[in-house]
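Dear colleague,

Please find below the structure that I am handing over to you. My findings follow directly after it, and I would be grateful if you would read them with the structure open.

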Amino acid sequence: MNFKKEYEKLASIAADEILSAKGREKLEEIKIKFLGRKGQLSLLMKNLGSLEAEERPIWGGKLNSLKKKLTQALEEKVKELLDESKKYEAIDYTLPTGDISLPGRNPVLSVLEDVSEIFTEMGFGIAYGPEIETDYTNFTALNFMDDHPARDMHDTFYLRDSDMLLRTHTSPVQIRIMQNYPPPYKFIAPGKCYRRDTIDASHLPVFHQVEGLMVDKDVNFSHLKGILDEFARRFFKEKIQTRFRPSFFPFTEPSAEMDIACTICEGKGCPSCGGNGWLEILGAGMVDPEVFRHCGVDSNIWQGFAFGMGVERMAMIKYGIDDLRLFFQNDLRFLEQF
Ligand code: PHE
């Protein structure tokens, strides 16, 4: 063999071949060809003996630095190919995984599903509305007078330079449905709401409500009570005690709040219910004729009731959770319990 010629050949092509290798397999082939135990480099090593004695250390040194150079080029190429494959998320989905523990459902989601299921079983449809509303649909059409203090009670996020806002409750969905479809109506409307609250154990700037509306020719307050009682029985337990207290909402008349007997002390009074034995679960009332008027629905023919409940509150009562923030911190120690 002509040692020097072979060396020059190897030195001139090997690095280029490594750099232009396409894919790991090709690179492995090249590695074996040049650097393998029987590869071209070791062949030359073995042939050092064919050189003149004084030339051997010089060429031996050259071979060593070529080996170093090629090994480094190879390592760089492997890294480059790896980075490339990461770019395409080359994950083999067919590989078996180890044991992974999946947390249960977030209780807020479970409550949303349970509530939706109970009402759909009672013949309610499900409607959705946008989270960005106008001042008109969120307040005016719901009979909140200009300057009415109730407007301030809903600490509202307004969108800059417009009359748009993040809805403070799901009641504007009533307006959107009634303005766009003819009566009768029987639906619930679950969704997110926003209020400018400072975060603590019982306040978050974003939360969920489920609205409900039932309008027909002979709907009265007994229907409201009957449906909501039935809901409480199915959601909490068969023998739950309920009561309705008079209340005020601009868009219902008369208005009421519904309480259930405290699920912890069964009505005797404990710290959870503030000692009075009852827990408020929702607001409700008969749709105010003024709301019908804004929606073009004739209140001489149609009557109905509406209700609205806070989903997080229902989840806290049902699962005995005392801090609202737990729902959104994604702490596995919390979520794994559901
Ligand atoms: N929208 C009311 C609130 O957020 C709840 C409600 C809905 C009350 C429907 C009565 C009827 O407080």
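Asparagine 138 is part of helix H6. In this predicted model, asparagine 138 has a relative accessibility of 0%, so it counts as buried, the cut-off being under 20%. Beyond its neighbours within four places in sequence, asparagine 138 is in contact with Glu133, Phe144, Leu165, Arg167, Thr168, His169 and Pro172.

Pro172 also belongs to helix H8, which spans residues 172-180. The buried residues of H8 are Pro172, Val173, Gln174, Ile175, Ile177 and Met178. Among the elements that cover them are helix H6 (135-138), strand E2 (132-134), strand E4 (185-194), strand E5, helix H10 (289-295) and strand E9.

I turn next to the nonpolar cores. The largest comprises 45 residues, and Phe119, Phe231, Phe236, Phe307 and Met309 have the most contacts inside it. At least two residues of this core come from each of the following: helices H5 (107-121), H9 (221-235), H11 (311-319) and H12 (332-335), and strands E5 (206-216), E7 (252-261), E8 (278-287) and E9 (303-310). Phenylalanine 119, with neighbours within four places in sequence left aside, is in contact with Phe124, Ile188, Ile227, Leu228, Phe231, Phe307 and Met309.

Several loop residues deserve a note. Methionine 145 lies in the loop between H6 and helix H7 (149-153). Is methionine 145 buried or exposed? Its relative accessible area is 51%, so methionine 145 counts as exposed, for which the cut-off is over 50%.

Most residues other than glycine have a negative phi, and most peptide bonds are trans. Aspartate 161, in the loop between H7 and strand E3 (164-166), has a positive phi near 55°. Aspartate 161 is exposed, with a relative accessible area of 76%. Asparagine 330, in the loop between H11 and H12, likewise has a positive phi near 55°. Asparagine 330 is exposed at a relative accessible area of 55%.

There are also cis peptide bonds to report. One runs from proline 183 to proline 184, with omega near 5°; proline 184 is in the loop between H8 and E4. Another joins glutamate 253 and proline 254, with omega about -5°, and proline 254 is in strand E7.

Finally, I give the values for the chain as a whole. The chain contains 12 helices and nine strands. Its radius of gyration is 36 Å, well over the 20 Å that the globule rule gives for 338 residues, so the chain is more spread out than a compact globule. Along the principal axes, the C-alpha atoms fill a box of roughly 115 × 45 × 35 Å. Of the 338 residues, 41% count as buried. Where contacts join residues at least 6 apart in sequence, 66% of them link residues at least 24 apart. The chain exposes about 19,300 Å², of which carbon and sulfur atoms supply 52%. The chain has 43 positive and 52 negative charges, and the mean positions of the two sets are 11 Å apart.

Yours sincerely

Key. Residues numbered from 1 in each chain as written. Predicted model: local features only at pLDDT ≥ 70, side-chain atom pairs only at ≥ 80, totals over all residues. Heavy atoms only, no water. Core = buried A, V, L, I, M, F, W, Y, C linked by side-chain atoms within 4.5 Å. Buried < 20%, exposed > 50% of the residue type's maximum accessible area, 1.4 Å probe, protein only. Helix = DSSP H or I, 4+ residues; strand = E, 2+ residues; numbered from the N terminus. Contact = heavy atoms within 4.5 Å. Rg over C-alpha atoms; globule rule 2.2 N^0.38 Å. Areas by Shrake-Rupley, 256 points an atom, 1.4 Å probe, with all protein chains shown as cover. Lys, Arg positive; Asp, Glu negative; His and termini not counted. Charge placed at Lys NZ, Arg CZ, Asp CG, Glu CD.
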